[in-house]
Amino acid sequence: MIKYLGSKRKLLSEILSAVQTAMPGARSVIDLFSGTSRVGYALKKKNYEVHANDHNLYAYMLAKCYIATNLEAVGKEAKKLIAEFNVIKGQAGYFTENFCVRSLFFHPKNGERIDAIREVIAKKKLEPSLEAVLLVSLMEAADRVDSTCGMQMAYLKKWAPRAEKHLSLRMPLLLSSKESLPGFAYQLDALEAAKSLDADVTYLDPPYNQHRYRSNYHIWETLMRWDKPEVYGVASKRIDCRTHKSLFNSKRQFIKAFSSVISSLKSKVLVVSFNNEGFVNRTEMEALLSKKGQVTTQVIDYKRYVGAQIGIYNPKGEAVGQVSHLYNKEYLYTVDGR
Ligand SMILES: C[S@@+](CC[C@H](N)C(=O)[O-])C[C@H]1O[C@@H](n2cnc3c(N)ncnc32)[C@H](O)[C@@H]1O
């Protein structure tokens, strides 16, 4: 799985037990802001029918791979192609030019192989589930050799030790249809998804602040789309980072947008993640959610995002400023509107 700001990797057991306790016997769950799909994957493993949604393409590809595709459907062919891709020779192209020369996110020797493998995937015109699995395999391989603090706003001044390692693709750990129910992936705006999807429980993990995911993970968006857009700035961001916005990244608009999502959802039981550093404090969130049903709040101490652990860097990768604290509080709200 890729490094991801706000990923709930370390909160999975709390989220799972919140869903199980909130509605014993529930069969289906929507993960409305799915990101890496880690939460949906953990729920799918527990035999829930999962509906994962995110508006970014790289997140949709992760959901298509881990939630909507079972091992039996593509496993054999994907393993064969991954073995072929692992011996493809590098050929510099768009990726190398922008992310290894213009900006220094990857070592050129790896960038050249990413270019060559991505071109082969594009030319093969594969069946969509198989293509998603291979693209995720490539994205995860690239993530293991990047030279960042886990976000793509800036790269490190010197190559990170992992950036010098050899790029190697692995088979994503898909679940078997024998151990899980079919799952579904969507690339919709959260409000649209809230209106159109239906499940027993909805899990919501919206962005907490002004930092836009499209900008923080612009390289993954470009690698998935392979539309080779014009780029700008030190980080060589895709030009659409200037215009692609989410209402959930605006302090002014968050409460209105989140309230519309909550009231549009058909699920009567919700589990919501938010922390004490976001736009909305605990009192405001409890007031907002109580319009839907009875709210219970769990508070969990949590190690802050990787950037805070490593330090604060400017876009040139130079250390600047001090980190004020290393822990925050994660709130897990359960809402019961039955
Ligand atoms: C806090 S992250 C979710 C992390 C996820 N739970 C995980 O463990 O990886 C929030 C996600 O919301 C998505 N997002 C932001 N605005 C959105 C919108 N308007 N509609 C749908 N998804 C949105 C972002 O792309 C991001 O992946």
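Reader: How many residues does the largest nonpolar core have?
Author: The model is predicted, with residues numbered from 1 along each chain as its sequence is written; local features need pLDDT of at least 70 and side-chain atom pairs count only at pLDDT 80 or more, while totals for chains, interfaces and linings use all residues. Side-chain values use heavy atoms, with hydrogens and water left out. A nonpolar core is a set of buried Ala, Val, Leu, Ile, Met, Phe, Trp, Tyr and Cys residues joined through side-chain atoms within 4.5 Å, where buried means under 20% relative accessible area, exposed over 50% and partly exposed in between (1.4 Å probe, protein chains only). Tyr-58, Phe-106, Leu-134, Met-139, Trp-220 and Leu-223 have the most contacts inside the largest core, and its residues number 79.

Reader: Which helix gives the largest share of this core?
Author: Helices (H or I, at least four residues) and strands (E, at least two) are DSSP runs, numbered from the N terminus. The largest share is 10 residues, and they come from residues 128-144, helix α7.

Reader: From which domains does this core draw at least three residues each?
Author: Domain bounds come from an automatic or database domain assignment. The chain is divided into 1-70 + 187-207 + 248-338 and 73-174 + 215-245. The core draws at least three residues from each of domain 1 and domain 2.

Reader: How many residues of domain 2 are in contact with domain 1?
Author: Contact means heavy atoms within 4.5 Å. The C-alpha centres of the two domains lie 26 Å apart. On the domain 1 side 28 residues take part, and on the domain 2 side 31.

Reader: Is Ser-137 buried or exposed?
Author: Ser-137 lies in helix α7 and touches Ile-82, Leu-169, Arg-170 and Pro-172, leaving aside residues up to four places away in sequence. Its relative accessibility is 1%, so Ser-137 counts as buried.

Reader: How far apart in space are Pro-172 and Glu-140, C-alpha to C-alpha?
Author: Pro-172 sits in the loop between α7 and β3 and is buried, at a relative accessible area of 3%. Beyond residues up to four places away in sequence, Pro-172 touches residues including Val-133, Val-136, Ser-137 and Glu-140. Pro-172 and Glu-140 are 32 residues apart in sequence, and their C-alpha distance is 8.7 Å.

Reader: Which strands stand at the edges of the seven-strand sheet?
Author: Two strands pair if DSSP finds at least two bridges between them. The open sheet has the order β3-β2-β1-β4-β7-β9-β8, with mixed pairing. Two of its strands, 184-186 and 294-303, have a single partner each, so one side of each is left without a neighbour in the sheet; these are β3 and β8.

Reader: By what angle are neighbouring strands of this sheet turned against each other on average?
Author: Axes are lines fitted to C-alpha atoms, for helices over the stretch in contact, and angles run from 0 to 180 degrees between N-to-C directions. With direction ignored, the average for neighbouring strands here is 15°.

Reader: What is the bridge partner of Leu-270 in β9?
Author: Strands β7 (269-275) and β9 (327-336) run antiparallel and are joined by seven bridges. In β9, Leu-270 is partnered with Val-335.

Reader: Is Arg-282 buried or partly exposed?
Author: Arg-282 is found in helix α12, which lies across β7, β8 and β9 at about 15° to β9. Arg-282 touches Thr-297, Val-299, Tyr-331 and Tyr-333, not counting residues up to four places away in sequence. Its relative accessibility is 34%, so Arg-282 counts as partly exposed.

Reader: How many aromatic pairs are there?
Author: Rings of Phe, Tyr and Trp (its six-membered ring) pair if their centres lie within 6.5 Å; planes under 30 degrees apart count as stacked, over 60 as edge-to-face and the rest as tilted. By this rule the count is 21.

Reader: Why does the pair of Tyr-4 and Tyr-217 count as tilted, and how many residues apart are they?
Author: The ring centres lie 4.7 Å apart and the planes stand at 35°, so the pair is tilted. Tyr-4 is in the segment before α1 and Tyr-217 in the loop between α9 (213-216) and α10 (218-225); their separation in residues is 213.

Reader: At what angle are the ring planes of Tyr-331 and Tyr-333?
Author: Tyr-331 and Tyr-333 are both buried. Their ring centres are 5.9 Å apart, and the pair is tilted because the planes are at 50°.
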